[in-house]
Amino acid sequence: MTVETEAAVEEVAAPKRDLAQLWVCGFLTVLGVLVIVDASRLGGFSASNDPIGPKPVPIILGVLLIVVAAFYALDALRGGHGEDEGKHAGDRYDWKTVGLLCAVFIANALLIDWLGWVISGSLLFWGAAIVLGSRRYFLTLAAAVVLGLATFYGFAIGLGLGLPAGVLQGIL
């Protein structure tokens, strides 16, 4: 083999490092540190039904963010990178769908106080399903209403948190 051929073989064999991914790793690390610092500043709260208080969960999440960042950085330095898979590999973003989904979420944020969660959440679920390709409009609407009601009562009964009732105040 000539020197040029050996260099070409080494160039093909060596994985390309996408160092831009390290910015994401750095962001995850900084975010993890901020979560841990913020959680450590929480005061000592305790209740009879919550003996450990609010500190452990955010601290665990912060540590997990740092661990994920470390594994991701190790993978990026070894040459790992995400690859397109499936039917739409290599396709461009469908900005129309992204824009319509953003519009559905913004509409939900604007209407939730006035209409309440059940109606705005149902419109959110229904609108997102329609934008993503559902063509069974009435079945999708029925499923969206069931999801809206289930989440409303799941938060109210299961978690003891009240979501806005809006125009349905007194009915729900």
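Begin by selecting Val 104, which, once its neighbours within four places in sequence are set aside, is in contact with Leu 123, Leu 124, Gly 127, Ala 128 and Val 131, where contact means heavy atoms within 4.5 Å. The model is a predicted one, in which local features need pLDDT of at least 70 and side-chain atom pairs count only at pLDDT 80 or more, whereas totals for chains, interfaces and linings use all residues. Residues are numbered from 1 along each chain as its sequence is written, and side-chain values use heavy atoms, with hydrogens and water left out.

Now extend the selection to Val 104, Ile 112, Trp 117, Val 118, Leu 124, Phe 152, Ala 165 and Leu 168, the eight residues that make up the largest nonpolar core. Such a core is a set of buried Ala, Val, Leu, Ile, Met, Phe, Trp, Tyr and Cys residues joined through side-chain atoms within 4.5 Å; buried means under 20% relative accessible area, exposed over 50%, and partly exposed in between, using a 1.4 Å probe and protein chains only. Helix H4 and helix H5 (117–131) each supply at least two residues of this core, and the largest share, three residues, comes from H5.

**The whole chain**

Of the 172 residues, 20% count as buried. Among contacts between residues at least 6 apart in sequence, 57% join residues at least 24 apart. The chain exposes about 12800 Å², of which carbon and sulfur atoms supply 69%, with accessible areas taken from the Shrake-Rupley method with a 1.4 Å probe, and only the protein chains shown counting as cover for residues.

**Two buried threonines**

Select Thr 97 next, in helix H4 (residues 95–115); Thr 97 counts as buried because its relative accessibility is 19%. Its side chain is joined to that of Asp 94 by a polar contact of 2.5 Å, a polar contact being a pair of N or O atoms within 3.5 Å, of which, within protein, one must be able to donate a hydrogen and the other to accept it, while residues adjacent in sequence count only if both atoms are side-chain atoms. Beyond its neighbours within four places in sequence, Thr 97 is in contact with Val 131 and Leu 132.

Then move to Thr 140 in helix H6, which at 12% relative accessibility also counts as buried. The side chains of Thr 140 and Ser 134 make a polar contact of 2.6 Å, and, with neighbours within four places again left aside, Thr 140 is in contact with Trp 126, Ala 129, Ile 130 and Ser 134.

**At the surface**

Where does Arg 41 form a salt bridge? Its partner is Asp 38, with the closest N and O atoms 3.9 Å apart, and the count comes to one salt bridge under the rule of a Lys or Arg side-chain nitrogen within 4 Å of an Asp or Glu carboxyl oxygen. Arg 41 counts as exposed at 66% relative accessibility, whereas Asp 38 is partly exposed at 45%.

Finish with Leu 149 in helix H6 (residues 137–159), partly exposed at 31% relative accessibility.

Terms used. Helix = DSSP H or I, 4+ residues; strand = E, 2+ residues; numbered from the N terminus.
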